[in-house]
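Open the model in your viewer and keep the selection panel at hand. This tour goes stop by stop.

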Amino acid sequence: MLTLYYAPGACSMAAHIVLEEGGEKYEPKKVDLAGGEQRTEAYLKINPQGRVPALKLDDGEPIAENTAILPYLGKRFGLWPSDPNPEAKALSLIGFFAGSVHPAMAHVRRPERYAPDPAVHPIIKDTGLKTFHGYMKQIDGMLAGREWFSDRYSVLDPYGFVFYTWGLRGELPMGELKNYTAFKDRMLKRPAVQRVVEDEKVKV
Ligand SMILES: N[C@@H](CCC(=O)N[C@@H](CS)C(=O)NCC(=O)O)C(=O)O
């Protein structure tokens, strides 16, 4: 059985939704990020980076990083494009989400990672939020005339959904992004998404 280490409202929500969509029994384990559980010796054995998500596979081996976890789950549950071209596009989008969009918000939430001096944190946060907003607009453009990020529903969609909720939490005018907002509404119609939003108490 798979075990998911996750935290409410974090990027691990993408894998959480995919596991709910998958229909297989799995063990969800909540990690207390505010309490620093991710830095305990026990958790660092699961993910030496001290982050969620982490996924323990059936053989007990843990894997970390959304870029690995989401394609793995997608292949397991038929939520991953199998042809080479759409697969390359999916990997490209996951790379953009994990390598650019997520770190922009990390500047807002964890400015101490980027500079030890609290005096400069406001500018780091402000720049991070502006960069993140730019990415939100870019994603809105990607969704023009499309129902999902790929040709059909895939693991890319729960990952894209996470960033919409982060935009709301950052008080960005997400409602102005018509395509992204319509996508968020489509996501919210899915029972698996509703269950996770309820479990993680995400405001959306
Ligand atoms: N590159 C990692 C980033 C994971 C990550 O930064 N997770 C955040 C939550 S969204 C976390 O665990 N933060 C805890 C901390 O920074 O202490 C991935 O995409 O899986």
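## Stop 1: two domains

Start by colouring the protein chain by its domain assignment: domain 1 (2-77) and domain 2 (84-190). These bounds come from an automatic or database domain assignment. This is a predicted model, where local features need pLDDT of at least 70 and side-chain atom pairs count only at pLDDT 80 or more, while totals for chains, interfaces and linings use all residues. Residues are numbered from 1 along each chain as its sequence is written.

Now select the contact between them, with 11 residues from domain 1 and 10 residues from domain 2. Two residues are in contact if their C-beta atoms, placed from the backbone, lie within 7 Å. On the domain 1 side, helix 1 (13-22) and helix 3 (66-77) are the elements that give two or more residues. Helix 3 gives the most, with 5 residues. By class, this side of domain 1 has 7 nonpolar, 4 polar and no charged residues. Here Ala, Val, Leu, Ile, Met, Phe, Trp, Tyr, Cys and Pro count as nonpolar, Asp, Glu, Lys and Arg as charged, and the others, Gly among them, as polar.

## Stop 2: the whole chain

Switch to cartoon. The protein chain has 8 helices and 4 strands. Follow them from the N terminus: β-α-β-α-β-β-α-α-α-α-α-α. Helices (H or I, at least four residues) and strands (E, at least two) are DSSP runs, numbered from the N terminus.

The C-alpha trace of the protein chain spans about 50 × 45 × 35 Å along its principal axes. Of the 204 residues, 34% count as buried. The cut-offs use C-beta atoms placed from the backbone: a residue is buried if 20 or more others lie within 10 Å of its own, exposed if 12 or fewer, and partly exposed in between.

## Stop 3: the ligand

Which residues come nearest? Of the 13 residues around the ligand, they are Ala-10, Cys-11, Arg-51, Val-52 and Asn-66. A residue is near if its C-beta atom, placed from the backbone, lies within 6 Å of the molecule. The shell divides into 6 nonpolar, 4 polar and 3 charged residues. Domain 1 and domain 2 both give residues to this shell, so the ligand lies between them.

## Stop 4: the core

Next, select Ala-14, Ala-15, Val-18 and Leu-70. These have the most contacts inside the largest nonpolar core, which has 50 residues. Such a core is a set of buried Ala, Val, Leu, Ile, Met, Phe, Trp, Tyr and Cys residues joined through C-beta atoms within 7 Å. Both domain 1 and domain 2 give residues to this core, so it lies between them.

Zoom in on Ala-15. Leaving out residues up to four places away in sequence, Ala-15 touches Leu-4, Tyr-6, Pro-53, Leu-55, Ile-69, Leu-70 and Leu-73.

## Stop 5: backbone details

Move to Pro-53, in the loop between helix 2 (41-46) and strand 3 (54-56). A cis peptide bond joins Val-52 and Pro-53, with omega about 5 degrees.

Then pick Glu-65, in the loop between strand 4 (62-64) and helix 3. Its phi is near 85 degrees, a positive value in a residue other than glycine. Glu-65 counts as partly exposed, with 15 C-beta neighbours inside 10 Å.

Finish at Glu-171, in the loop between helix 6 (156-169) and helix 7 (178-188). Phi of Glu-171 is also positive, near 60 degrees. Is Glu-171 buried or exposed? Glu-171 is exposed, with 8 other C-beta atoms within 10 Å.
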